[in-house]
Amino acid sequence: MKRLLFGSAVAGAVLLPFVPLGLWAFSLRWYYPDLLPEQWGLRAWAYVFGTAGTQLTEALVQSVMVAAVTAILSVAGGVPAGRALGLYHFRGKDLLSMVLMLPILVPPLCVAMGLHLWLLRMGLAATFGGVVLIHLTACLPYAVFVMWGVFSNYNLEFEDQARSLGASSIKVVFQVMIPLTFPGIVVAALFSFLLSWSQYLSTLIIGGGKIITLPILLFALMGSGDRPVAAAVSIVFVIPALAALAVSARYLGSRRMLGVW
Amino acid sequence: MTQPPAAFSDARTRAAPRPAAVIRLLAPALAVVLLLFGGGLALGLVQSLGHLPAAGMSSLSLEHFARVFADPDFFKSLGLTFYLSLTSTLIAAAISVAAALMFNTLAGRSRAIQFIFQMPLTVPHLVIAVATVFMLAPSGLLARALQNLGLISSATAFPLLVNDPWGAGILAAYVWKEVPFITLMILAVLQANGAELLDVGRTLKAGRWQRFRHITLPTIFPSLGAASLIVFAYTFGAFEIPYLLGQTYPMMLPVWAYKAYSDVDLLSRPEGIAAGLVIAAVAATAVVLAQGLTQAARRRGAAL
């Protein structure tokens with residue numbers, strides 16, 4: 001009984017904010033003070049994928065591209081660094097862990113403001129590359145921490161065995177290390193993707209209105225006051241977040257999730 | 001957005017083969033952090049000290065910082081930001097302690113509840129901000145519900161919960177987002193080393209409150225503290241939620257900094273950056289304290 005009560009309290013508190021999002025996204029007419037829409041409809045969705053389709057699809061594609069490139073680069077840097085941190089003792093490791101944590105938590109606002117002028121000079125402001133670079137400042141360290149957790153449970157003896165059987169270094173990396181750490185790599189990639197996907201302000205500052213990602217479009221929609229469309233875009237925007245959570249819960253199990261955060 | 005990770009205990013680490021090998025492994029990550037993050041902050045500092053050749057300013061001075069610190073609006077923003085970050089963190093921490101205890105005893109095995117509970121961790125700030133507007137605005141779902149229940153007579157009788165002076169909407173959105181993170185950090189400790197001590201407490205006839213006060217609380221304190229500091233750092237500098245849910249005056253500091261930075265008057269740009277650096281300094285301090293707490297706890301744990 002107590003368990004049921006607690007479960008429903010959790011579910012209620014977490015899911016409640018999604019109720020108005022869902023209602024608005026499928027409403028056609030909904031005046032105050034009606035509790036439910038007077039008329040239901042798919043106008044918002046038709047608008048999102050039809051009328052305003054090009055603008056929205058472009059933003060969607062842009063968001064996916066930026067986040068995917070950021071995630072790939074984050075994993076590329078995160079795997080070796082996570083390996084070093086997870087497997088070896090060395091001096092200055094505590095300091096290093098702090099240095100790597102700062103970019104995740106210090107807001108990208110000041111970093112983006114600082115870099116803007118110089119990216120402008122290098123011709124990288126308002127470009128795809130510039131936005132990826134600013135996203136990397138937070139996403140790559142994040143991937144490092146995920147891979148650190150993965151490699152602190154990694155058994156080097158498998159590599160030793162492969163090597164003693166005559167495997168080359170490259171073979172060890174691709175046929176031992178990557179397969180063994182694959183679930184962790186997937187999670188690191190997903191969460192770097194997600195972190196980049198959710199960036200708003202740093203994209204706005206560096207992208208300078210040229211790189212329109214989904215959050216930038218969503219902010220504009222909130223300004224325009226079209227609630228059904230804003231709700232529909234919010235739902236599109238939240239899907240990868242829930243997918244990432246689902247995949248990581250499946251791959252890592254809930255206990256291992258804790259290591260990721 | 002997604003929350004930061006905790007430091008890991010290194011059960012199986014070995015001594016490094018060669019320092020050069022470790023450095024090679026760390027090089028790409030370090031290059032990004034030092035060049036882009038460190039470089040960004042350094043360049044920001046240079047600009048906020050007035051070096052802006054494009055605008056014809058080339059000498060360094062503390063003038064912009066002085067102007068920021070002489071601005072009463074800045075202090076109003078700073079005060080508001082401290083109030084909202086601190087309040088949301090404290091509320092979230094209190095709820096998290098209760099939630100962690102309940103999770104530990106009640107819902108430990110239900111995967112569905114665990115999944116739902118973790119959802120706010122990955123939901124982007126912007127989405128919860130939009131949802132909060134739809135929920136708490138004067139024509140939002142809550143006002144509609146109250147009016148249908150006959151508790152208020154019209155939308156104007158509904159209290160202002162969004163863009164309000166007390167930041168109710170901001171607090172609600174942040175608490176929603178932060179509780180799972182703090183709870184999971186506490187839960188990790190509770191599940192690892194809470195049970196035996198509580199049994200000892202029970203054998204010694206300690207009451208419920210005594211067990212909580214003298215066993216559970218000291219056990220979870222380091223991770224509760226670290227998680228709260230991390231959450232505080234995050235809320236102190238996050239932009240989307242206050243931008244959408246905050247009032248126009250005074251603004252939370254990140255919004256103030258961005259407004260100054262993007263002002264048509266190029267001269268207020270260094271002031272925006274200066275405010276951004278103040279935010280960075282506060283957030284960095286909180287992170288350093290959090291790491292100190294975790295590392296101290298880890299050392300103490302290792303000594304036991």
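User: Where is Lys205(B) found?
Analyst: Lys205(B) is in the loop between helix 8 (195–203) and helix 9 (208–237) of chain B. Helices (H or I, at least four residues) and strands (E, at least two) are DSSP runs, numbered from the N terminus. This is a predicted model: local features need pLDDT of at least 70, side-chain atom pairs count only at pLDDT 80 or more, and totals for chains, interfaces and linings use all residues. Residues are numbered from 1 along each chain as its sequence is written, and chains are lettered from A and ligands numbered from 1 in the order in which they are written.

User: Is Lys205(B) exposed or buried?
Analyst: Exposed, with 7 other C-beta atoms within 10 Å. The cut-offs are 20 or more for buried, 12 or fewer for exposed and partly exposed in between, with C-beta atoms placed from the backbone. Phi of Lys205(B) is near 65°, a positive value in a residue other than glycine.

User: What is phi of Ala126(A)?
Analyst: Near 60°, again positive in a residue other than glycine. Ala126(A) sits in the loop between helix 6 (108–121) and helix 7 of chain A. Ala126(A) is partly exposed, as 16 other C-beta atoms lie within 10 Å.

User: At what angle do the axes of helix 7 of chain A and helix 1 of chain B cross?
Analyst: Roughly 135°, and the axes come within 9 Å. Axes are lines fitted to C-alpha atoms over the stretch in contact, and angles run from 0 to 180 degrees between N-to-C directions. The residues making this contact include Leu136(A) and Leu140(A) from helix 7 of chain A, and Val33(B) and Phe37(B) from helix 1 of chain B.

User: Which peptide bond joins Tyr249(B) and Pro250(B)?
Analyst: A cis one, with omega about -15°. Pro250(B) is in the loop between helix 10 (240–245) and helix 11 of chain B.

User: How many residues of helix 11 of chain B are buried?
Analyst: Eight of nine, in a helix that spans residues 253–261. Trp256(B) and Tyr258(B) are among them.

User: What joins Tyr32(A) and Pro33(A)?
Analyst: A cis peptide bond, with omega about 0°. Pro33(A) lies in the loop between strand 1 (27–29) and strand 2 (39–40) of chain A.

Terms used. Two residues are in contact if their C-beta atoms, placed from the backbone, lie within 7 Å.
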